[in-house]
There are 2 protein chains.
Amino acid sequence: MRELAGSPGTWSGLSLRVGQLVFAAASVCATASALGFAAYTAFCYLIASMGLQALWSLGLACLDCYALKFKKDLHSAVLVSLFVVGDWVTAILSFAASCSAAGVVVLFDRDIYACRRDPQLPCGRFELATACAFLSWAFSATSALVMFWLLASL
Amino acid sequence: MRELAGSPGTWSGLSLRVGQLVFAAASVCATASALGFAAYTAFCYLIASMGLQALWSLGLACLDCYALKFKKDLHSAVLVSLFVVGDWVTAILSFAASCSAAGVVVLFDRDIYACRRDPQLPCGRFELATACAFLSWAFSATSALVMFWLLASL
């Protein structure tokens, strides 16, 4: 079972966690550095959701490092069930946050031309934050699917 | 296997399909009856995604009726694989459309107060369309999970 790419306690699993963590942190930084983001609910939700994703991925990355260093097995049914629940919840929250932020970015950019009319609006940073959130979600969804598969095969 | 609630060719499966179809059609009608919805990308995407969901659910509801009437079994691996792919694709598209429409509705209503400032804007219909889209997605996600479970147990 340890051969399944992306499973906990493997190098591929650790790299998925690092990918989630890096893109979630980048999304949080890009949103937080955009002036006046707090006036928009979608970006407040994005920062909260990406913060949760970054914390969860950091915790799991530390656990993967520990398992790799001390050659521990993380494939017990209880642990994998916990990973499945956590991964699915964070993946769904990340996807919802990314989609709602993308809806607002497209509205600003294409529909009401707020980006062109108001040069103060940090559209570039909002776009960067949304793109990073989608990338973080892609890694998170991969982890969630691998965990579900692992649980099914336990 | 036929006892699993929500599986194809059963009354519970048919009721899930009818739920998806009714709420997707309600969402399409609410969006289409909102004046000027075509100016907003999120609502154009919502109408396209809910149209696809309604067509898919209508097709599967007809298939369920046929299976119930002539007592056919729809649990072959090929059919269930097809249902899994179709259900997951429509469920993910529906969720993305619902979230982006919700992001825009919340922006209009709470962040830029467009609903209060512009009484012409059909905010009530946009809210109704988004709520129906989320309900349709909830039924669709249930079907997708049941199909995935069926495929795993085949």
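Predicted model: local features only at pLDDT ≥ 70, side-chain atom pairs only at ≥ 80, totals over all residues.

Biologist: Which residues line the largest cavity?

Modeller: The lining of the largest cavity consists of Gly6(A), Ser7(A), Pro8(A), Gly13(A), Arg17(A), Leu60(A), Asp64(A), Ser143(A) and Met147(A).

Biologist: And which elements give two or more residues to that lining?

Modeller: Those are α1 (11-32), α2 (41-70) and α5 (123-153) of chain A.

Biologist: What volume does the largest cavity have?

Modeller: About 40 Å³. Searching the whole structure for cavities of 30 Å³ or more turns up one.

Biologist: Pockets next. How much space lies in the largest pocket?

Modeller: The largest pocket holds about 440 Å³.

Biologist: How many residues line the largest pocket, and which lie nearest its centre?

Modeller: There are 16 lining residues, and Trp88(A), Ile92(A), Phe95(A), Trp88(B) and Ile92(B) lie nearest the centre of the pocket.

Biologist: Which elements supply at least two residues each?

Modeller: In chain A, α3 (77-111) and α5 do, and in chain B, α3 and α5 (123-153) do.

Biologist: How does the pocket lining divide by class?

Modeller: The pocket lining has 16 nonpolar residues, with no polar and no charged ones. For the largest cavity, the lining has three nonpolar, four polar and two charged residues.

Biologist: Changing topic to helices. At what angle do α1(A) and α2(A) pack?

Modeller: The angle is about 150°, and the axes of α1(A) and α2(A) are 8 Å apart. Angles over 145 degrees count as roughly antiparallel, so α1(A) is roughly antiparallel to α2(A).

Biologist: Is the crossing of α1(A) and α2(A) left-handed or right-handed?

Modeller: α1(A) crosses α2(A) in a left-handed sense. The contact of these two helices is made up of 17 nonpolar, seven polar and two charged residues.

Biologist: Over to chain B. How do the axes of α2(B) and α3(B) cross?

Modeller: Helix α2 (residues 41-70) and helix α3 (residues 77-111) of chain B have axes that come within 9 Å and cross at roughly 150°. That angle makes α2(B) roughly antiparallel to α3(B).

Biologist: What is the handedness there, and which classes of residue are in the contact?

Modeller: α2(B) and α3(B) have a left-handed crossing. Their contact residues divide into 18 nonpolar, seven polar and one charged.

Notes: Residues numbered from 1 in each chain as written. Chains lettered and ligands numbered in written order. Heavy atoms only, no water. Axes fitted to C-alpha atoms, helices over the stretch in contact; angles between N-to-C directions. Helix = DSSP H or I, 4+ residues; strand = E, 2+ residues; numbered from the N terminus. Parallel < 35°, antiparallel > 145°, perpendicular 65-115°, else oblique. Left-handed = near helix turned anticlockwise from the far one by under 90°. Nonpolar A, V, L, I, M, F, W, Y, C, P; charged D, E, K, R; others polar. 1 Å grid on protein atoms, 1.4 Å probe; cavity = no way out; pocket = protein on both sides within 12 Å on 5 of 7 lines; lining within 4 Å. Points joined across faces, edges and corners; volume = space filled by probe spheres on them.
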